[in-house]
Amino acid sequence: MVRLVVYLVTIALIASGLAWLADRPGTLQIAWQGYDIETSVFRAVVLLAAAVASIVFLWSVFRALWNSPAAIGGRLVQRRQRKGLDAVSSGLIAIGAGDSTLASRYALQARKSLPHEPLTHLLRAQSAELSGDRATARRIYEAMLASPETELLGLRGLFLEAQHQGADEAARQFADRALKANPKLGWSATALFEQQCKQKDWTGALETLQHARKNGHIAKADADRKRAVLLTAKAQNVEEDSPDRALTLAMEAHALAPDLVPAAAIAGRILASRGNTAKAAKVLQKTWTKSPHPDLASAYAYARVGDSTRDRFDRERQLAALNPHSIESPIAVATAAIEARMYDEARRVLEPLLPERLTQRVATLMARIEAGDNGDKGRVREWLARAMNAARDPAWIADGVISDHWEPTSPVDGRLDAFQWRVPVETRDATRNEILARRIEELIAIEAPTVAPEAPSREAATEAGADVIDAEPVTATAKPAPLPEKKPAAPTATAPEKPAEQAAPAVAPKPAATPELTATADVPATAAAREVRPAQPVHKDTSKLYVAPRAPDDPGTEPPAPEPEQPIARRSFRAVS
């Protein structure tokens, strides 16, 4: 619109000028080199304008002819660039769509049109990776390192390739080189930090974290948390060899993250070992209010050297009052009460948890209370059985891995600060038997194995006035007795008496005695079978099997029904009048 207005205004000015000259006639006379030219002013102006326009036109034609080769070449270059950019664009779209064949074709076309374009190198490398030719992709990335424009792109590609192949050291070197080439590059700082944490290079990780914090790659709160975890990891490594250094690191970590349990536990232990009970208690109490944990309770209980079990119980009560709503508070108090043999107090503390908050640790503590208070093994076994079916207690968990202690990194992928104190969730594919076996292994150490009662010895039987005879092992076969048939009464005959030595082995076991045989199945097979015979005469119809007495706390097992034609284990027999 503006151009049209300017054009119309220009035409109007030219027309006005020509009209002004036409209204004012005049004569223009030129005498030069013997020539005498005379014309009007209007005609002279028109001829001058025509001559200037002709000169300009001829100059334009000459310049176009002069620059035509360059113009033709530039036109061809532009056409090739446009074709190459279209190929790059289409190739990247094909890579995003996952079409490796189309991406390779466009990469070849882009290489012909734009051989030195960085996007062409990227397209070729990406298409090679998509087609599975990682060697070609790595070679293309290495070629990018020769140019300053594509060096960072090549380092990024080589880092991803090394990470894909599991070459952690090579990935760390590529990330370090990229960070030195451009300190403001975010991915290189993050990648280098992750690799250093995975390799447990805490000092290097602290330096990289400081660099990332300085360049704004990480938020302040996140940086403080990560720094606290790294300092705790270093303190954990030097706690035994250099406690002074460990205390400095742990206190700095505690100041950055007061809810970090391992840092507070390390600081509390070292301060308590030096006799600084007040400062140790202050550190442990501050963390207990935010994140109660058994390690904190244990360190707080033993914060003062030389305390009695009653003193530790009183200290645990003070600590529990700071966070009364946590389940760790009554558990800590009950543990201290059991150590002090205050079983009534321990039972009173745990009673509120039994209806709805019963966990395996709570049930185990109740078993310890019953075992220490009155030695009722039946109650102990009852609580152990309830513990196997009770809810799980919190544990250190990272990426599905349950650990009995805290670690700074995940054992799966090396991620920093991955462990969390929470209740583990049992996987759906775990069978009932596996879960039961795992719980039994955790709880079986509470009660000592019960020793089976020994069989009466030969000397004891002799002192009791009985004759002891070594008998040969006998294998009896239980068969169902046939029903007796009715026959006419016959005169009864008195059977001659046989010696007791022959009568005892001939007694067939009755079905009612089968449970007793099962209950004594743990008799060693290598022991000689003994037959105890009293001095009185023995009657064949009153003989019974001898069964070893069972422990009063052994509930026993239900024996299976006897099957016909099954051999019965060898047992000792005793004839009783």
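**The model**

I noted that this is a predicted model, where local features need pLDDT of at least 70, side-chain atom pairs count only at pLDDT 80 or more, and totals for chains, interfaces and linings use all residues. Residues are numbered from 1 along each chain as its sequence is written, and side-chain values use heavy atoms, with hydrogens and water left out.

**The chain as a whole**

I found 24 helices and 9 strands in the protein chain. Of its 577 residues, 32% are buried. Buried means under 20% relative accessible area, exposed means over 50%, and partly exposed lies in between (1.4 Å probe, protein chains only). I then looked at contacts, where contact means heavy atoms within 4.5 Å. Among contacts in the protein chain with a separation of 6 or more, 57% join residues 24 or more positions apart.

**Tryptophan 406**

I returned to tryptophan 406 and read a relative accessible area of 4%, so this residue is buried. Leaving out residues up to four places away in sequence, tryptophan 406 touches Val229, Thr232, Gln236, Pro262, Trp396 and Phe419. I also checked alanine 418, which is 12 residues from tryptophan 406 along the chain; their C-alpha atoms are separated by 9.7 Å.

**Helix α13**

Pro262, one of the residues that tryptophan 406 touches, is among the buried residues of α13. Helix α13 (residues 261–273) has 13 residues and reaches 18 Å from its first C-alpha to its last, close to the 18 Å expected at 1.5 Å a residue. The expected span is 1.5 Å times one less than the number of residues in the helix. I noted 11 of the 13 residues of α13 as buried, so the helix is largely enclosed by the rest of the structure. What covers these buried residues includes α11 (220–238), α12 (243–256), α14, α15 (294–301) and β3. Glycine 275 follows α13 and has a positive phi, near 85°.

**Helix α5**

I checked the length of α5 (residues 118–131) in the same way: its 14 residues should span 20 Å at 1.5 Å a residue, and its end C-alpha atoms are 20 Å apart, which agrees. Its buried residues are Thr120, His121, Leu123, Ala125, Ser127, Ala128 and Glu129. The cover over them includes α3 (68–97), α4 (100–113), α6 (134–144) and α7 (151–165). After α5 comes glycine 132, with a positive phi near 95°.

**Two helix pairs**

For angles, I used axes that are lines fitted to C-alpha atoms, for helices over the stretch in contact, with angles from 0 to 180 degrees between N-to-C directions. Helix α14 (residues 277–290) packs against helix α16 (residues 309–322) at an angle of about 40°, with their axes 9 Å apart. That makes α14 oblique to α16. Angles under 35 degrees count as roughly parallel, over 145 as roughly antiparallel, 65 to 115 as roughly perpendicular and the rest as oblique. Thr277, Ala281, Gln285, Trp288 and Thr289 in α14 meet Arg315, Leu319, Ala320 and Leu322 in α16. I sorted the residues of this contact into 5 nonpolar, 3 polar and 1 charged. Ala, Val, Leu, Ile, Met, Phe, Trp, Tyr, Cys and Pro count as nonpolar, Asp, Glu, Lys and Arg as charged, and the others, Gly among them, as polar.

Helix α19 (residues 360–373) and helix α20 (residues 377–389) pack at about 175°, with their axes 8 Å apart. That makes α19 roughly antiparallel to α20. I sorted the residues of their contact into 8 nonpolar, 2 polar and 3 charged.

**Arginine 347**

Is arginine 347 buried or exposed? I read a relative accessible area of 18%, so arginine 347 is buried. Arginine 347 is in helix α18 (residues 343–350). Not counting residues up to four places away in sequence, arginine 347 touches Met366, Ile369, Glu370 and Asp373.

Most residues other than glycine have a negative phi. I noted lysine 200, whose phi is positive, near 60°, in the loop between α9 (186–198) and α10 (202–214). Lysine 200 is partly exposed, with a relative accessible area of 46%. Aspartate 399 has a positive phi of about 55° and lies in the loop between β3 (395–398) and β4. Aspartate 399 is partly exposed, with a relative accessible area of 37%.

Key: Helices (H or I, at least four residues) and strands (E, at least two) are DSSP runs, numbered from the N terminus.
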